[in-house]
Each structure stands twice: as C-alpha cells, then as structure tokens.
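Biologist: I'm new to this one. Can you put it on the screen and walk me through it?
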Amino acid sequence: MTDYNSVFKDESKLDINFVPSRLPHREREHRLLMEFFDFLLRCPERMAQRVIITGEVGTGKTALAQRFGADITLEANKKSLRLRYVHVNCREYRGSLLLILQQAVSVFRPNFPKRGFSAEEILSALAQTLDEDDAYAVLALDEFDSLVEREGSEAVYKLTRLQETRPGKPQRISLIGIVRDLKLLDKLDASARSTLQRNVIALEKYSEPQLVDILNDRVAMAFEPSAVPDDTVSLVAELAQSESGNARFAIELLWRAGKYADSEDAGEVLPECVRRAVSSIFPTMKKAELESLGLHEKLFLLGVARFFKENEQAYASLSDVEKAYAVVCEETGEEPSSHTMIWRYAQLLSSLGFVKAEVAAVSTRGRTTRISLPAIPAAELEKELCALLAKEEA
Ligand code: ADP
Ligand code: MG
C-alpha cells in the first residue's frame, strides 16, 4: 500500500486531543462561557469567575473548555490583558489537590519546588506570582469528580477561599470545574456547593443529526475529498447516537473505519468499513470509559464482577452486589457509600452498558432491582478494574 492511496489527508484532526476551531452545536454554551467571563475582561481585578461544566462522556466538555480557553486568551490579549488558561485533568493527578496545584503553578513557575509546600501555600504563591506579573489565570479542573471524591469539601474551600487570605488584593484566579455528574456535588457541604453551583453549563447528549454535523466537519479536515460517502457518516452517527450520543465514540469509529479502508486499499470509507470497525471498537472504548469512572463506581463494579465470578448465576439482586461491594470497600479501606448512592451507581453503570440494571418485580415490599453482566466476562472485568485501581493507588 502506498501513502498516496490513503483515504486520509490529515489524521491528526481525528486525534482525541485535537480541539477544532469551531464546535458545532456548542455555540450557545461557548457564548455563555464568554459572557460569564466578559466582566473579567473589563474589570479583571474585581471579580474571579466560577463555572461548572457538566455532561456525560463524549458530550464535548473538555473540547468546549479548551476552545473557550484559547478564545478568551486571545480576547484578553487584544485588550493587552495578561490572562492564561490552564487546563489540568484531576484524575491524572489522582484527585490530589496538592498534585493538581503543583501542576498548575509549574505553568507559571517551572522551577517551583515540588516538596515542602501545602496546597494553600502553593495557591498563595500562585496568586503572588500573578500579582507580580499583573496577570490572571483561568484554572480549568477537568474530571473535577476525582478531586471531590478524594478530598471533598475541604479542597473546594481551599480553592475558593484564597481571596480571604489576601484582603484588598486583586482577584487573580478563576475556576472552571468540569464534572460528569452534577449529583456528585451533593457530596459537598451546602456552603462549598453554593460557592460552585451558581453558573452551571449543562451539555446535553448529541442527537443523530448533530453528530452528523460534527462528523462532516471532521471529514472535511481529515479525509481526502469524496473519500467518505454520506451513508458512511450517517451510519457512524447512528451507531454513536445509540452509544448515548457520544462524540468521542463517533470520531474514533470514523478514524478506525478509515484505517480499515486503507488496509484494504479501498480508496473510500464504505459502510462495510464502519461495520468492521465497530466490532473492534467496543473493547478499547469501554476501557477508556472504565478508567473515567469514579473510585466508588469502580469499587462497586468490582463487587459486581466478583459476585458473578464466584456465583454461577445470571442475575444478582441489588443487595447481593451491595454485600460484595462492602467486602471490596473493606479490603481497600474505603467507607462504603449509602444505599441510595449504590442505586445510582447501578443506574449509571447500566446506562454506560457495563451492567444491566432492571426492575425485576414490584411486590408489596417495594421494587427489586436485578443486576446482570451482559457483555463482559466477570474475570476479565475484575482483572481490568484491579489494574486500574492499582494504578490509582500508586
Ligand atoms: P467529554 O470531555 O465530555 O467526555 P470531549 O470534549 O473529550 O468530551 O469530546 C469527545 C470528542 O468529541 C473530542 O474529540 C472532541 O473534540 C469531539 N467533540 C465533542 N463535541 C464536539 C463538537 N460540538 N464539535 C466538534 N467536535 C466535538
Ligand atoms: Mg473530558
């Protein structure tokens, strides 16, 4: 196969980290973000903004934040305002505020010592650095869930009360928290929550026609002209829509379909390439989704996997898996979540397709939920989860 037969013009435009210059169907949310920060551009010292972006996997949270970050920086520069957008993925730093802030401060002060400073000290050092440069920072905390899960309200207080330790000084640091599930913030104290929840931007799942628009943009950027027929785009959008409106899935599927086309020197990405790609995509996509689950969602799922590994039955009751989860928690030294939370985990994992949770019977004693594991062998799921949990521990 020679290169010039490739269906691709520029594969990098399909990379998960690529942020396109426009995000179809997120224009309104982008504008809203710009409006929230408009005052900051005009009177920067008077206000630090706090915004939450929420939505399920693949709804464009990360892309929206990064697009906004680049655009607001540009706007600020036009006004000769020194503003820097810093995007940190909390999960990469295992939800540790200290590690997250170390990463953030290193953007401004690459030689800032790694040891010997508390989170509060790093924050005030960051503010002081900004004072010295007369600069401002927008700190986007992606996968904020993992920070809340690990450090709870304390971390939020530290982040939001910085200004109280510097009376009369300009506000320097704005925050954008990116969470998959707003309910997660219920874990916080009311006052910690109220400092965060004033401005919430909720991203809805994409519809099929919306996914078509998103895909068409990428097709134009990444593929040779007329290498991708409309039918192919429709099929990809339809499959991604049934995967809960997930744009990440759509783009990954399109890329893989292109790879199949190239491997056969087809010169065109036909629907058959999509069908072949989809059968190979589930395992890897699921792995990425597994990784993005919260700690207790993982522990719960591990309980489910253990239950089905040890019992030769197709269905479990919620209380069976709740017991298995409690054992897992004990092993890992974690406090088990409440029954209500457990029910939520089951719903979430069900909507992501890891388990199936269905109401089995409505009796006088209420509803019983039954859980099954439709698609993944229990032993494999257990292995995968243990590896992820060990990585997070490390
Ligand atoms: P999330 O952070 O919500 O899981 P991402 O922001 O990572 O989702 O989006 C997943 C993928 O889909 C990324 O490659 C992103 O660039 C792309 N994407 C999401 N929404 C859009 C959109 N409206 N327009 C173009 N690409 C999008
Ligand atoms: Mg993301």
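Modeller: Two terms before we start. Buried means under 20% relative accessible area, exposed means over 50%, and partly exposed is in between (1.4 Å probe, protein chains only). Helices (H or I, at least four residues) and strands (E, at least two) are DSSP runs, numbered from the N terminus.
Biologist: Good. And the ground rules?
Modeller: This is a predicted model, where local features need pLDDT of at least 70, side-chain atom pairs count only at pLDDT 80 or more, and totals for chains, interfaces and linings use all residues. Residues are numbered from 1 along each chain as its sequence is written, chains are lettered from A and ligands numbered from 1 in the order in which they are written, and side-chain values use heavy atoms, with hydrogens and water left out.
Biologist: Start with strand β1. Which way do its residues point?
Modeller: Arg-50, Ile-52 and Thr-54 point one way, while Val-51 and Ile-53 point the other way. Side chains in a regular strand alternate between the two faces of the sheet.
Biologist: Is β1 enclosed or open, and why?
Modeller: Largely enclosed by the rest of the structure, because five of the five residues of β1 (residues 50–54) are buried.
Biologist: Which strands does β1 pair with?
Modeller: Strands pair if DSSP finds at least two bridges between them. β1 pairs with strand β4 (residues 173–179) in the parallel sense, over five bridges. β1 also pairs with strand β5 (residues 200–202), again in the parallel sense, over three bridges.
Biologist: New topic. Where is Asp-142?
Modeller: Asp-142 is in strand β3 (residues 135–142).
Biologist: Is Asp-142 buried or exposed, and how far away is the nearest opposite charge?
Modeller: Asp-142 is buried, yet has no salt bridge. A salt bridge needs a side-chain nitrogen of Lys or Arg within 4 Å of a carboxyl oxygen of Asp or Glu. The nearest side chain of opposite charge is Lys-61, 6.6 Å away. Lys and Arg count as positive and Asp and Glu as negative; His and the chain ends are not counted.
Biologist: What does the side chain of Asp-142 make a polar contact with?
Modeller: The side chain of His-87, at 2.9 Å. A polar contact is a pair of N or O atoms within 3.5 Å; within protein, one must be able to donate a hydrogen and the other to accept it, and residues adjacent in sequence count only if both atoms are side-chain atoms.
Biologist: Now ligand 1. Which residues come nearest?
Modeller: Pro-24, Gly-58, Lys-61, Ala-63 and Tyr-206, out of 20 residues around ligand 1. A residue is near a molecule or strand if one of its heavy atoms lies within 4 Å of it.
Biologist: Which backbone atoms does ligand 1 approach?
Modeller: Among them is a polar backbone atom of Pro-24, 2.7 Å from a nitrogen atom of ligand 1. An oxygen atom of ligand 1 is 2.8 Å from a polar backbone atom of Ala-63. For Thr-59, a polar backbone atom is 3.3 Å from an oxygen atom of ligand 1.
Biologist: And His-25, what's its phi?
Modeller: Near 70°, a positive value in a residue other than glycine. His-25 is in the segment before α1 (27–36) and is partly exposed, at a relative accessible area of 29%.
Biologist: What about Ser-226?
Modeller: Its phi is near 55°, also a positive value in a residue other than glycine. Ser-226 lies in the loop between α8 (208–222) and α9 (230–242). It counts as exposed, at 69% relative accessibility.
Biologist: How many salt bridges in the whole structure?
Modeller: A search finds 25. One of them joins the side chains of Asp-134 and Arg-172 (3.1 Å, N to O). Asp-134 lies in the loop between α5 (119–133) and β3 and Arg-172 in the loop between α6 (144–160) and β4, so the pair ties together parts 38 residues apart in sequence.
Biologist: Are those two buried or exposed?
Modeller: Asp-134 is partly exposed at 44% relative accessibility. Arg-172 is buried at 6%.
Biologist: Which residues form a salt-bridge network?
Modeller: Arg-91, Glu-143, Glu-291 and Lys-391 are linked in one.
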